[in-house]
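Here are my notebook entries from an afternoon with this model. I wrote them in the order in which I looked things up.

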Amino acid sequence: MPDTSALILATLALGEAAVGFRGRIVALDMSRAHGAGLPRSELERRLLELGFVEGADVELLHQGLFGGDPIAVRVADATIALRRREAMAIMVAGEEARP
């Protein structure tokens, strides 16, 4: 079984990542999406429908000028705008942490 300790240590919320970040989705954690304005189950459903699924590659392309919101994220072949508070539910691991 491969050692995943480095992967766990390098995991962060997509909402905390900087522009230029590239990585892979490792999980959705709805408990981290405080103030997203939607019930947790609805936010999870929407993120899954948009392609934010475990194992998908993501890249943070752009952020808004004031407060860094919204962010533009490429997931698979789509570019999607998200609020950072919504992106806090998307747990990712950076490229360098992948085996």
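Predicted model: local features only at pLDDT ≥ 70, side-chain atom pairs only at ≥ 80, totals over all residues.

**Entry 1**

I began with Glu59, which is buried at a relative accessible area of 19%.

Which side chain does Glu59 meet in a salt bridge? I found Arg22, with 3.4 Å from N to O. The two belong to distant parts of the chain: Glu59 sits in strand β3 (residues 57–63) and Arg22 in strand β2, 37 residues apart. Arg22 counts as partly exposed, at 44% relative accessibility.

**Entry 1: other salt bridges**

I then searched the whole structure and got seven salt bridges. One of them joins Arg32 to Glu16, where the closest N and O atoms are 3.2 Å apart. Arg32 is in the loop between β2 (22–28) and α2 (40–50), and Glu16 is in the loop between β1 (11–13) and β2, so this pair ties together parts that lie 16 residues apart in sequence. I looked up the exposure of both partners: Arg32 is partly exposed at 27%, and Glu16 is also partly exposed, at 46%.

Next I went to helix α2. Glu42 and Arg46 form a salt bridge there, with 2.9 Å between the closest N and O atoms. The two are four residues apart in α2, which means about one helical turn separates them. Arg46 has a relative accessible area of 40% and is partly exposed.

**Entry 2: the overall plan**

I stepped back to the whole chain. I listed three helices and six strands, and along the sequence they follow the pattern α-β-β-α-β-β-β-α-β.

In what order do the six strands lie in the sheet? I read β1-β6-β2-β3-β4-β5, an open sheet with antiparallel pairing. The edge strands are β1 and β5, each of which pairs on one side only. From one strand to the next, the twist averages 40°.

β2 and β3 are antiparallel over three bridges, and Arg24 stands opposite Asp57 in β3. Helix α2 packs on the sheet and touches β2, β4, β5 and β6, with its direction at about 140° to that of β2.

**Entry 3: the β4–β5 hairpin**

Strands β4 (residues 71–75) and β5 (residues 78–82) pair in the antiparallel sense over five bridges. I marked Arg74, which stands opposite Thr79 in β5. Two residues lie between the strands of this hairpin.

Is Ala76 buried or exposed? At 56% relative accessibility, Ala76 counts as exposed.

While checking backbone angles I also noted a cis peptide bond from Asp69 to Pro70, with omega near -5°. Pro70 is in the loop between β3 and β4.

As a reminder to myself, nonpolar side chains tend to be buried together in soluble globular proteins.

Leaving aside neighbours within four places in sequence, Leu14 is in contact with Phe21, Phe52, Leu60, Val73, Arg84, Ala87, Ile90 and Val92.

**Entry 4: chain totals**

Of the 99 residues in the chain, 36% count as buried. The chain exposes about 5,900 Å², with carbon and sulfur atoms supplying 55% of that area. Among contacts between residues at least 6 apart in sequence, 66% join residues at least 24 apart.

Key: Residues numbered from 1 in each chain as written. Heavy atoms only, no water. Salt bridge = Lys/Arg side-chain N within 4 Å of Asp/Glu carboxyl O. Buried < 20%, exposed > 50% of the residue type's maximum accessible area, 1.4 Å probe, protein only. Pairing = 2+ DSSP bridges. Contact = heavy atoms within 4.5 Å. Axes fitted to C-alpha atoms, helices over the stretch in contact; angles between N-to-C directions. Areas by Shrake-Rupley, 256 points an atom, 1.4 Å probe, with all protein chains shown as cover.
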